[in-house]
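Visitor: I would like to learn how to read aromatic pairs in a model. Please show me the structure and take me through an example.

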Amino acid sequence: MTFLTDPLQFDFFVRALLAVVLVSVLCALVGAWVVLRGLSYIGDAMSHAVLPGIVGAFLSGGSLLLGALVAAVLTALGIGVVGQRSGLKQDSAIGIVFVGMFALGIVMLSRVPTFTSDLSHFLIGNPLGVTTADLWGALAVTLVVGAVLYAVQKELLLASFDPTEARAVGLPVRRLESLLLILIGLVVVLTVQLVGTTLSVSLLITSSAAARLLARSLPRMIALAAALGSVGGVLGLYLSYYLDTATGATIVLVNTAVFLLVLLFRRRE
């Protein structure tokens with residue numbers, strides 16, 4: 001039992017546990033849609049496309065998080081416009097907008113060399129450095145994202161998998177797609193700041209992909225993705241503590257191992 005209780009004497013470890021569970025639930029809410037829609041590329045793309053917003057916020061003395069959120073919303077809307085106007089597949093639209101935004105951020109960053117350390121902290125993240133305010137913020141975003149997705153779940157499902165029928169019954173398909181992209185961007189920005197890019201993408205994609213192999217319905221897929229991400233996160237934190245390894249990377253490896261186990265289990269059915 002001391003294996004489980006010893007790390008809990010440290011407040012930063014307890015906060016990290018809560019953060020990983022909260023982020024797992026938050027990522028599961030949109031991760032299920034990301035996997036079902038074939039948008040796995042968007043997590044990594046969004047985490048880099050927010051760069052100009054972060055640099056712009058730094059230059060103006062504003063909040064880095066707010067700057068990243070603004071850039072994420074603009075990126076989401078840009079992806080929607082490019083995809084709808086060009087007729088290209090969404091992954092192509094994501095690539096075009098992501099590269100353009102990231103290049104803009106690099107150009108801006110080249111004018112502020114002293115900003116490198118601040119950017120590194122934002123993108124790398126640190127689960128063990130999560131504050132109580134961060135936890136409340138994550139909880140608030142989780143509740144908002146969950147409420148919005150619950151409210152439009154049926155409409156979003158129809159618009160995602162049968163857009164022709166959705167338009168026939170009068171649903172605003174383009175607005176629903178833009179809403180989904182904005183919610184994904186919001187989740188990516190928050191989770192990247194808390195736990196870093198690598199772990200954020202892992203919770204967004206790997207856990208949801210594993211859940212997709214086991215679940216037959218969207219609600220079950222979301223619940224299972226949250227559970228798998230939470231279990232992987234908690235186990236990864238403990239392993240990181242006792243093995244003295246990088247926290248985020250250790251959790252990612254555990255999540256990957258969980259996915260491989262699920263894949264093997266499915267093949268034997």
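Guide: What follows is a short walk through some ring pairs and a nearby loop. The model is a predicted one.

Visitor: How many aromatic pairs are there?

Guide: Two rings pair if their centres lie within 6.5 Å. By this rule there are six aromatic pairs. Take Phe10 and Tyr241: their ring centres are 6.3 Å apart and the planes meet at 45 degrees, so this pair is tilted.

Visitor: Where in the chain do Phe10 and Tyr241 lie?

Guide: Phe10 is in the loop between helix 1 (2-5) and helix 2 (11-36), and Tyr241 is in helix 13 (residues 218-243). With 231 residues separating them, the pair links distant parts of the chain.

Visitor: Why is the pair of Tyr241 and Tyr242 edge-to-face?

Guide: Planes over 60 degrees apart count as edge-to-face. The planes of Tyr241 and Tyr242 are at 85 degrees, with centres 5.0 Å apart, so the pair falls in that class.

Visitor: Which residues form the aromatic cluster?

Guide: Phe10, Phe12, Phe13, Tyr238, Tyr241 and Tyr242 form one cluster.

Visitor: Is Asp244 buried or exposed?

Guide: Asp244 counts as exposed, because its relative accessibility is 70%. Asp244 sits in the loop between helix 13 and helix 14 (247-268). Its phi is positive, about 55 degrees, although Asp244 is not a glycine.

Technical notes: Residues numbered from 1 in each chain as written. Predicted model: local features only at pLDDT ≥ 70, side-chain atom pairs only at ≥ 80, totals over all residues. Heavy atoms only, no water. Phe/Tyr/Trp six-rings, centres within 6.5 Å; stacked < 30°, edge-to-face > 60°. Helix = DSSP H or I, 4+ residues; strand = E, 2+ residues; numbered from the N terminus. Buried < 20%, exposed > 50% of the residue type's maximum accessible area, 1.4 Å probe, protein only.
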